[in-house]
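Look at the sequence and the structure first, then read on.

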Amino acid sequence: MSHTAHIPSHRKPRRSASKMALRAGVAGGVLSTLAVAAAAGTATAAEPVTETIEMPTLTTDLSTQIAQSADATQQTADSYELRAEQDAAAVKAAKQAKEDQATAEKKAKAKAKAEAAAKKKAEAERASRSEERTTLSASGSGSSAAADVAPASGSVGTVISFLKAQLGDAYVMGASGPNAWDCSSLVQAAFKQAGVDLPRVSQDQSVSGTPVSLDNVQVGDILYWGGAGSAYHVGVYIGNGQYLDAANPGKGVVVQDLSGYPASGAVRVL
């Protein structure tokens with residue numbers, strides 16, 4: 001027996017050829033798989049991604065709803081704009097109305113003030129005329145005395161003064177002065193001295209002023225004979241129941257008593 005037979009061997013056992021072939025085949029398969037996977041990965045990385053995700057197509061109803069919503073939004077905006085314009089117009093109108101009211105009130109005050117002044121002036125003029133008439137009526141009682149009285153100042157006095165200055169002038173139908181008159185031309189000329197333009201004929205003069213009753217006749221009132229609007233003769237009351245007129249061709253311009261030839265009516269122009 002060999003002296004080394006009892007010592008265990010340190011060599012690995014030899015693998016069988018079949019096992020080694022199997023392992024080589026498995027390893028080759030794995031390597032092939034890895035190579036294929038690597039190649040696939042490289043190709044995948046090199047190629048760009050061309051796949052896209054498609055959004056769902058809008059339906060007709062959805063499009064209509066969107067359009068309606070847009071229209072509603074526009075209408076709301078238009079409504080707000082219109083409301084803003086209306087509010088601005090209302091503010092402007094209110095401001096204008098306030099200004100117009102202030103202007104109207106100012107004009108009304110000015111008008112009231114002017115009317116008050118005119119009324120006061122008219123009252124003063126009426127008082128003055130009344131005083132003149134009273135003075136003239138109280139001056140003398142006869143025809144000659146009336147002719148000699150100096151008239152008061154003012155419009156009525158101016159009329160009476162002119163008339164008395166024509167005493168003794170002739171009466172001529174259609175004449176208009178300065179030395180011959182008919183009844184209406186004398187009255188017309190007398191009142192013209194006081195700034196009053198009377199019509200030329202007696203018919204028109206009898207309706208030219210404010211009618212007054214014969215019981216309330218005052219100095220300076222126009223007396224007429226016949227109907228109002230159809231009078232055939234006129235004269236001027238000078239007070240004390242007397243009047244002055246261009247009577248007729250026989251008398252000329254004279255002072256006469258109403259009691260002898262009562263008038264039909266009277267009008268007042270001053």
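## Secondary structure

The model shown here is predicted. Its protein contains 6 helices and 8 strands. In sequence order, these elements give the pattern α-α-α-α-β-β-α-α-β-β-β-β-β-β.

## Surface and contacts

The protein has 270 residues, and 25% of them count as buried. Its accessible surface is about 18200 Å², and carbon and sulfur atoms make up 57% of that area.

How much of the contacts with a separation of 6 or more comes from residues 24 or more positions apart? The share is 53%.

## The largest nonpolar core

The largest nonpolar core consists of 28 residues. Inside this core, Leu163, Leu186 and Phe191 have the most contacts.

Two or more residues each come from helix H4 (155–165) and helix H5 (183–192), and also from strands S4 (222–225), S5 (233–239), S6 (242–246) and S7 (253–257). H5 gives the largest share of the core, with 6 residues.

Which residues does Leu163 touch, leaving aside its neighbours within four places in sequence? Leu163 is in contact with Leu186, Ala190, Val236 and Leu244.

## A second core

There is also a second, separate core, made of 9 residues. Among them are Val217, Leu223, Tyr237 and Tyr243.

How values were computed
Residues numbered from 1 in each chain as written. Predicted model: local features only at pLDDT ≥ 70, side-chain atom pairs only at ≥ 80, totals over all residues. Heavy atoms only, no water. Helix = DSSP H or I, 4+ residues; strand = E, 2+ residues; numbered from the N terminus. Buried < 20%, exposed > 50% of the residue type's maximum accessible area, 1.4 Å probe, protein only. Contact = heavy atoms within 4.5 Å. Areas by Shrake-Rupley, 256 points an atom, 1.4 Å probe, with all protein chains shown as cover. Core = buried A, V, L, I, M, F, W, Y, C linked by side-chain atoms within 4.5 Å.
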